[in-house]
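Please keep the sequence and the structure in view while you read.

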Amino acid sequence: MTSAPDRTPKRRRVLPAGENGSLWETRPSCGIFEFRGVRLRLMVEDPAEILFPTDCGLSLLSALNGDDAPVLEGVNALDLGAGSGIYSVALLAAGAERVTALDVNPASVAQTVANVTANGLDGTRLTCVTAPLEEYTPDERFDLVITNPPHLPYDPTYARGDGLETALVARGGGRAVYDAVIDRVDRFLAPGGSLLMAHSSLADIPRTVAELTSRGYETETIEIFEMDIPLLAYAEHMETLQTRLKELRAAGRAEFDGSRFAVHALLFRRPPGPVSR
Ligand SMILES: C[S@@+](CC[C@H](N)C(=O)[O-])C[C@H]1O[C@@H](n2cnc3c(N)ncnc32)[C@H](O)[C@@H]1O
């Protein structure tokens with residue numbers, strides 16, 4: 001079964017250009033933002049171990065805050081790859097009934113709990129899981145799954161095996177975590193539920209859309225954000241990273257122009273009935 005192609009008029013926002021993929025010279029550790037009228041504060045104790053939200057992560061937050069986002073009040077949500085817990089905090093503040101924050105990085109769980117508590121939100125509505133999503137088998141189904149997977153291609157020259165690498169880099173030319181989400185989303189989402197994903201143009205957006213569409217999911221592009229390729233963490237290895245990206249582009253698996261790429265805020269709706277596999 002295939003569903004109708006995505007004919008949504010796409011709003012495109014252009015973020016400012018910086019240096020090394022960042023407007024800032026160092027990674028911040030604290031920020032304040034407003035979400036649905038609530039002022040929220042986000043801390044990251046160790047920005048070398050837990051990713052402070054990048055432009056890519058913030059673009060999905062912006063889409064989640066917009067008019068085209070799914071209903072958040074009363075939902076049971078899964079935050080896949082929670083990192084600092086920014087989406088868990090926003091979802092709880094917006095009235096989600098329950099949020100499960102999952103991350104393979106154990107430091108993420110402590111940071112997510114600390115951020116939920118520091119914002120005066122009800123910690124009893126938060127469940128934290130430290131596990132790779134490939135091994136997570138929940139005994140419930142969620143109304144909403146939100147995720148911003150790592151999207152830069154892995155290369156042994158810049159591998160450093162820390163939390164920042166797990167957050168930014170993935171095997172399979174940057175696709176490994178997208179592929180794991182696609183593979184398991186039917187086990188996570190309730191029929192009729194929604195997957196909201198920040199999808200990088202460096203990691204083959206058409207492939208993800210084609211795979212989920214072929215299973216009967218409806219796709220909507222909520223917004224497109226143009227921004228710098230995030231190279232701050234890999235400034236020393238910029239040439240190698242750019243070479244890997246150019247190889248992927250030549251193979252039709254990445255889209256970018258110079259140092260600029262795009263993040264698509266994609267909403268996939270699981271059909272109410274059975275999905276075709
Ligand atoms: C790009 S960061 C996003 C963090 C946060 N959601 C945000 O937008 O700022 C990706 C997150 O996914 C986690 N991650 C990477 N691979 C994973 C896997 N296989 N299973 C679960 N979490 C994973 C990383 O540890 C990291 O926290």
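On a 1 Å grid over the protein atoms alone, a pocket is an open set of points with protein on both sides within 12 Å along at least five of seven lines, and a molecule sits in a pocket if more than half of its atoms lie within 2 Å of its grid points. In this predicted model, local features need pLDDT of at least 70 and side-chain atom pairs count only at pLDDT 80 or more, while totals for chains, interfaces and linings use all residues. Residues are numbered from 1 along each chain as its sequence is written, and side-chain values use heavy atoms, with hydrogens and water left out.

**The ligand**

- The largest pocket is the space that the ligand takes.
- A side-chain N or O atom of Glu134 lies 3.0 Å from a nitrogen atom of the ligand, and a polar side-chain atom of Tyr87 is 3.2 Å from a ligand oxygen atom.

**The cysteines**

- The structure holds zero disulfides (pairs of cysteine sulfur atoms within 2.5 Å).
- Cys30 is in no disulfide, and the nearest cysteine sulfur, that of Cys128, is 20 Å away.
- Cys56 counts as buried (under 20%) because its relative accessibility is 4%.

Technical notes:
Buried < 20%, exposed > 50% of the residue type's maximum accessible area, 1.4 Å probe, protein only. Polar contact = N/O pair within 3.5 Å; in protein donor to acceptor, adjacent residues only side chain to side chain. 1 Å grid on protein atoms, 1.4 Å probe; cavity = no way out; pocket = protein on both sides within 12 Å on 5 of 7 lines; lining within 4 Å.
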